[in-house]
Amino acid sequence: MPDIGDWLASIRLEQYRQTFLKNGIDLDVVDELTDADLKELGLSLGDRKRFLRAAATLARQSPPPTAALRPSVSPIHSEAERRQLTVMFCDLVGSTALSARLDPEDLRQSIVAYRACATEIVGRYDGFVAKYMGDGVLVYFGYPQAHEEDAERAVRAGLAVVEAVDRLDAAGEHLAVRIGIATGLVVVGDIIGTGEAEECSVVGETPNLAARLQELAGSGTVVIAEATRALLRGQFKLESIGLRPIKGFSGAAEAFRVLGEVRGDDRFEAGHATVLPLVGRDRELALLVDRWTQAKANKGQVVLLEGEAGIGKSRLAVALRERLCREPHSLLRYFASPYYVNSALRPVIAQLEQEAGFEREDSSVVKLAKLRALIAEQMGEVSEALPLLAELLGIPGTDRCPILDLAPQQRKNRTVDVLIAQLARLAAKQPVLLVLEDAHWLDASSLELFGLFVNQIRQLPVLLVITHRPEFVPPWRSYRHVTKVVLNRLERVHAQLLVERLAGGKALPAGVLDYILANTDGVPLYLEELTKTMLESGLLEVAGDQFGLTAHMPPLAIPVTLYDSLMARLDRLGKAKVVAQIGACIGREFSYELIAALAALNEHELQRRLDQLVATELVFRRGSPPDAIYSFKHALVRDTAYQSLLKSRRRELHRRIAQVFEELAPHVVFAQPELLAHHLTEAGELPQAVVFWHRAAEHATERAANAEAVGHLAKALDLLAQMPENPERFELELTLLITMGRVLTAAKGYGHPEVERIYNRALNLAERIQETPRLFPVLLGLTIHHAVRSELSAARDLGERLLRLAQQISDPVLVVEASYALGITCSWRGEFASAWKHFEHGISQYDIAQHRAHLALYGQDGGPICLCRGGMALWYLGHDHRALELMDEALTMTASLRHLFSRAYVLTWAAILHVHRRDIAKAQGAAELALAFAAEHGFPFWHTQGVFLKGWALAEQGLTAEGIERLRDGLAGMQAIGSGMTAPWAMGLLAEAHGKADRL
């Protein structure tokens, strides 16, 4: 069968291909489209006729079903998914007593009428009747099609069912229902049973909670759970019924009785008790103000504010109102709604009711009086307008205001004329700001009316601001007095400012802030909700003017307030949703080559579904297949697609992805081993994952990416803890710990407490499994750690143990390392002759080729280090010239070796030597070189030393204040990373600088 694009081309309507793809319309639904649907999509009258005729022909050509199917309220997905679902449980009150009073046939008719009533109302709000359970009805909102306000739809449906059932007649008996509503994560979609017993199952606590809440509801009431309340955004009046024990659930839970809707249709203001300051929209606001200025000069203007959901269209409209609050003007606001897309002029009706001040309890007489007063105030003359607008608002005619005897089209035309005249009369008194929100949900009659408004305001002091989403194509966009403004995502600096304001001006930890910014892509609504989720997660605590993390930040679930809207976008994709889910498993970005290997679709079908993802702007595409690269526009959309998959399905996809990477992209595995490690981890292939996380860490250290290496090793160790204890696991753990110790030394410094913790764990493990050769790097790390921290007795004992071990194994590489460790220990003890003896022995045993092979194990090259530290020992012994020779030899050697950490070590000690020699010029040059090198390659231990040494040189050159500041910074850095051994010498130099400044 051809795809939708081919079929449209065959009936000469190919110009609408992108529109149909963007709205998720495929051939399987063309026969369900109505004339109103096509009009909303932007088809002209002639094209609508052609489409409907061709759709009818296509339906006749389709093969009939092989068996009669049980009618269902909604289609059922064939594959189970994880989804956020709002569940409504509706129960007929007193059905047992009713059965005793009614004839069985009358009872049956009553229950049928009740079910039909509930089903019709639920369908109106796109709910799915999952099951009839005697006199109970189980309904899902958010399945099989999610909507961005499913909780709200459920509550509206519940209130409507209560009201409608109350009006039913059951053989003279009064009927009433009670309703419970709950929201939560479930697994939905498995089909159980056959024939009449077939049903769509839901696994999770949400349906049970809805049923229990129904038991708490009184006759004719709706009770909702806390999770549902959080999603309603102030749209309803609620009353807490307190904490209630709920059967089958641990602890008490708060529940809420729904009292009714909150008057007014402004969804933005209802959901924002506090409106945040506008951020990053100065240019757009200035344009709106400019168009207002033009409009006041009787040059009416229209501004189309286009942008995706949550981008800030309504907030910008509010900002304009705030800007104009001190200017004399009239304000008219209209709100389209997803619930009234087929209700003629609903935004106009709601606006008139609001302006007139209608209350729910008002009688027809009172409403008519209020409407008369409004018309008199705005238009003066009421005789013609009153009966037309009264009929529009559903107010019955009276003797004083009878309904006009007009044909339907005449009545519609006259009503429209009155509304246009009303606008003109208001504009004659003072400028008018007219705001239409969410035009993408306009009914056909309102769309026609606002088209007339657009035409009529050209010579009126009126600014019409229309907000809409990208899928809506305004018919008036090409008019000269119409300006289109597309709201883009916030830049990072503005997004960060918004987060700071949401956090009350308190700084968030850098990792938390980066997480929020990376996952929200500059969409204000996403920024707001994810920041609130973080603030309410319990992971943050206030510490002065900032927040601190109380624990390691785990991967967070998508904010429940965003889940429905994100899932709705995916559901609209139809069959292309599966491709989006596979892509989500690959990551934020995926290649055509990789998804083609995973999707099990032919090339034409895969490209068609990928085209749909691009057309709906869910993903961006770079290049063309088969070389195309796709990336999700929003991280949260990707996360939603991923989290909707069952865990078992995710594991299988990750396993296949890892397999495809190894088979088809070995170059990627070599360059990015962490990518394969991630997929193996998610696939549950733990031993292989640990190996690749270790490989990723080694790869990172080769690029001096020490922080990343620490992260990779931490993941490997976490996975290892989940594996059974056996000799193989202990061997692997020891390897990881040795690598971690070396990387932490480079990343945080020799004296950091974490270095000691890791090496002590490794020492216990090595002694436990009697791994004598692998004991050496552990003892070496601990020796240097204790020496740097000025714990010299422990360092000497460990150093001597090192030397004995090296001699026992008879490995010259180990001898060099042991000599270096004992040499620095003796140096710090002031035993320079003994230190030189050890350094000299290390130099004699050193072989460049042999040691290069062990660099990855020990993290630094013992040869040049013995040279530079041996030179320092000789300088203390009075051999200045020889000390300089050895230092120069060490510098030359590290330059050719290109081992970064060893180079940083020698550069720093060269500067230290010149400070000792009081050669200010050479000390400054060497300190600047060492400082720049450590900063470039991320070595904090050597960086703090460089800062300090540069400070000494500045103080010696007469820049005493600046020098003292650098000396203080360097000393603080040394203390922070545990470098206790150099601290006394550093304090002496700082005291000397204070003396030069006469600050004794």
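Q: How many bridges join strand β13 to strand β14?
A: This is a predicted model, in which local features need pLDDT of at least 70, side-chain atom pairs count only at pLDDT 80 or more, and totals for chains, interfaces and linings use all residues. Residues are numbered from 1 along each chain as its sequence is written, and side-chain values use heavy atoms, with hydrogens and water left out. Strands (E, at least two residues) and helices (H or I, at least four) are DSSP runs numbered from the N terminus, and two strands pair if DSSP finds at least two bridges between them. Strand β13 (residues 432–437) runs parallel to strand β14 (residues 462–468), and the number of bridges joining them is 5.

Q: Which residue in β14 stands opposite L433?
A: The parallel strands β13 and β14 are joined by bridges. Opposite L433 stands a residue of β14, namely L463.

Q: Which helix packs on the sheet and touches β12, β13 and β14?
A: Contact means heavy atoms within 4.5 Å. Angles run from 0 to 180 degrees between N-to-C directions, along lines fitted to C-alpha atoms, for helices over the stretch in contact. The direction of the helix, residues 408–429, makes about 140 degrees with that of β13. The helix is α16.

Q: Which strands lie at the edges of the open sheet of 5 strands?
A: The order of the sheet is β12-β13-β14-β11-β15, with parallel pairing. An edge strand here pairs on one side only. The edge strands are therefore β12 (330–335) and β15 (482–486).

Q: Why is strand β3 largely enclosed by the rest of the structure?
A: Buried means under 20% relative accessible area, against over 50% for exposed and partly exposed in between (1.4 Å probe, protein chains only). In a regular strand the side chains alternate between the two faces of the sheet. Both faces of β3 are covered, by G136, L138 and Y140 on one side and V137, V139 and F141 on the other, all buried. Strand β3 (residues 136–141) is largely enclosed because its buried residues number 6 of the 6.

Q: Which residue stands opposite V139 in β3?
A: Strand β3 runs antiparallel to β1 (residues 81–92), with 6 bridges, and C90 stands opposite V137. Strand β2 (residues 128–133) pairs with β3 in the antiparallel sense over 5 bridges. Opposite V139 stands V129.

Q: Which residue takes a positive phi in the hairpin of β2 and β3?
A: The hairpin has 2 residues between the strands. The positive phi is near 65 degrees, and the residue is G134.
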